[in-house]
Amino acid sequence: MARLNAEIADKFNRLADLLEIEGANPFRVRAYRNAARTVGSMSRSMADLIAEGRDLSELPDIGDDLAEKIETIVRTGRLPLLEEVEQRTPAALSDLMKIGGLGPKRVQTLHRELGIASAEDLRRAADQGRIRGLEGFGPKLEQTILSRLAGTPGSKGKRHRLIDAEAVAEPLVAYLRETKGLKDIVVAGSYRRRRETVGDLDILVTARKGTPVMDRLAAYDQVSEVISQGTTRSTVILRSGMQVDLRVVPQVAYGAALHYFTGSKAHNIAVRKLAVDRGLKLNEYGVFRGDKRVGGRSEKEVFGSVDLPYIEPELRENNGEFEAGAKGRLPRLITLDRIRGDLHCHTTATDGRDTLEDIVEAARERGYEYVSINDHSRRVAVAHGLDTKRLLAQIRAIDRLNERLDDIVVLKSVEVDILDDGALDLPDDVLKELDFTVCAVHYRFNLSRRKQTERILRAMDNPHFNILAHPSGRLIGRREPYEVDMERIMKRAAECGCFLELNAQPDRLDMDDSACKMARDMGVKVAISTDAHRTGDLDLMRFGIGQARRGWLEPDDVINTRPLKELKRLLKRH
DNA sequence: GCCGTTTTCGGCCCGACTGTTTTCAGTCG
């Protein structure tokens, strides 16, 4: 969320890369990476925590030293140790580590022996055949480096939207499922944890010995390159650019392997530590006491072996799930079947592709109890936003439609713009005709943090304000969130009975997981909505649910799990 | 560099695959 936190995390990660290339203590390197992860995943800005006088060394993986370094970065924007290291070791070397096959040791050799300090230096040296003679290198690796440099830049580390990952994974799984001798097949990794973006697909298979599943993967017509192929693990790149890791384990190891390959890495490390504390060893083949297998057939057994209840995949980020599990306080996460309606849909009246009747019919087909229509307001001219007259006409059309329907209720609403000064884009006397409003910032994203916050708070002062749409304004991979004090907004929302939207569009997924968690902690309820612009978009709800689960939300935290009567009561402001 | 009913030192998760070796280091997840 906070851009400052991302900057701090980036500095620590870059420092970790350079120290690793220099051959520093690997645990010290890891300490910087762990700290980067902690800071990067915090919903509160480090600057705010410092301003409140919080002791940063209380944060996990942050000790006295790193707390001081964070304070220095917040105060000066600089990390002196990083600058010092960059004097000795070119910063661009950390980029070379992103090339497959090159890690810290080889990058160090390249720098030391050939003075290579950039991707361009590396390409030239490889072209001239000067790489193959280096210790630890050979002709094959030289060739690999050349082809990686020529290919898609930085494909190691590129992330895909979850919806794109689904489009790749589903046909591939169906194809692999046809393999003779195959039993279970599941996509694990961040895909199973429902992260908003996925780096690669981790597919886990259980099968009889000698199953030809590895050969079948290599023969898949979408494979563009086989990176490695063994008996238990293979890696390929698909034409879509997606990397796929396929792993085969025996049935008896299914739970241990599924847990291991689901991650996250930080979660796994923590579970293994718990196992070591109990004199056990945990790996992808099971839970062992000495050489004796004592569990691992199911994930429940794995957790049970370290005295934990089952932890849902979406929670496995080493971000409080162990403490909650030990105390029996894990959330009972929301599920898709608890959703009773969609509270943000567009029609052909503005920028939707389908008509009012189409959207309502699609909602009815999905078994919803209610659906709301939320077309844009006049300010969004490109979408032909509604003025008072056209909104009143839509209200009357919905009234007429409701008279004909007996198994679904259409709620009258709008996605009204929040103007620069915090006023809403339509007059109160038309807003009061609606069942509720969804309010959104669609322009002037670059206001200062203070002004953007004031703008939204002022909008919330309007008694017709109910739900803040896509609260951060971000577009994943394309547009950063605008600067805003989310904590103040949530505090006000809790006070005045307003809600925040979790927009389920795969490009938005806004709120993000940490914002959901913050809302839950602050007692702000959330509407999970698809922002549908066509009937098929109603199915995007599953992405919103995934994000909500990552944010620890339970059915009670979400307003559109409520029956209509209760929902209407909630939408009356106090 | 962090962390602690194995507390202020001495640990720090674990295994597969590749290309280079001639028994294994480096990389990766």
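Trainee: Where does S264 sit?
Mentor: S264 is in the loop between α13 (254-262) and α14 (265-277). Keep in mind that this is a predicted model.

Trainee: Which residue is joined to S264 by a cis peptide bond?
Mentor: G263 is, and omega of that bond is about -5 degrees. Most peptide bonds are trans.

Trainee: And the peptide bond from D510 to M511, cis or trans?
Mentor: Cis, with omega near 25 degrees. M511 lies in the loop between β17 and α22.

Trainee: What else is known about M511 in terms of the largest nonpolar core?
Mentor: That core has 59 residues, and M511 is listed with M490 and I528 as having the most contacts inside it.

Trainee: What does I528 touch?
Mentor: Leaving out residues up to four places away in sequence, I528 contacts I334, L502, M541, G544, I545, A548, V558 and N560.

Trainee: How many residues are in the second core?
Mentor: The second core is separate and has 44 residues, including L15, A67, I99 and I131.

Trainee: Back to α22. Which of its residues are buried?
Mentor: Helix α22 spans residues 513-522, and S514, A515, C516, K517, M518 and A519 are buried. The elements covering them include α21 (486-496), β17 (499-503), β18 (526-529) and α23 (541-550).

Trainee: What comes just after α22?
Mentor: G523, which has a positive phi of about 75 degrees.

Trainee: Now α17. Which residues are buried there?
Mentor: In α17, residues 356-365, the buried ones are L356, I359, V360, A362 and A363. Viewed down the axis of α17, they fall within an arc of 160 degrees, so they line one face of the helix.

Trainee: Why would residues three or four places apart point the same way?
Mentor: Because an α-helix has 3.6 residues a turn.

Trainee: What covers that face of α17?
Mentor: The cover of its buried residues includes β12 (370-373), α18 (388-404) and β13 (409-412). After α17 comes G367, with a positive phi near 80 degrees.

Trainee: Which residues other than glycine have a positive phi?
Mentor: N318 is one of them, with phi near 50 degrees, and R444 is another, at about 55 degrees. Most residues other than glycine have a negative phi.

Trainee: Where are N318 and R444 found?
Mentor: Both are in loops. N318 is between α15 and α16 (321-326), and R444 is between β15 (438-440) and α20 (449-461). N318 counts as partly exposed because its relative accessibility is 29%. R444 has 41%, so it also counts as partly exposed.

Trainee: Changing topic, what does UniProt list for residues 341-420?
Mentor: The unreviewed entry lists "domain: Polymerase/histidinol phosphatase N-terminal" there. In the model that stretch is 34% helix and 16% strand, with its end C-alpha atoms 31 Å apart.

Trainee: Which residues does the helix-hairpin-helix annotation cover?
Mentor: The "domain: Helix-hairpin-helix DNA-binding motif class" annotation, also from an unreviewed UniProt entry, covers 54-73, 94-113 and 129-148. Residues 94-113 are 65% helix and 0% strand, with the end C-alpha atoms 17 Å apart. Residues 129-148 are 50% helix and 0% strand, and there the ends are 16 Å apart.

Trainee: Last one, the whole chain. How many helices and strands?
Mentor: Chain A has 24 helices and 18 strands. Buried residues make up 52% of its 574 residues.

Terms used:
Residues are numbered from 1 along each chain as its sequence is written. Chains are lettered from A and ligands numbered from 1 in the order in which they are written. This is a predicted model: local features need pLDDT of at least 70, side-chain atom pairs count only at pLDDT 80 or more; totals for chains, interfaces and linings use all residues. Side-chain values use heavy atoms; hydrogens and water are left out. Buried means under 20% relative accessible area, exposed over 50%, partly exposed in between (1.4 Å probe, protein chains only). Helices (H or I, at least four residues) and strands (E, at least two) are DSSP runs, numbered from the N terminus. The arc is that of the directions from the helix axis to the C-beta atoms. Contact means heavy atoms within 4.5 Å. UniProt positions are given in the numbering used here, feature names are shortened, and annotations may be inferred rather than shown by experiment. A nonpolar core is a set of buried Ala, Val, Leu, Ile, Met, Phe, Trp, Tyr and Cys residues joined through side-chain atoms within 4.5 Å.
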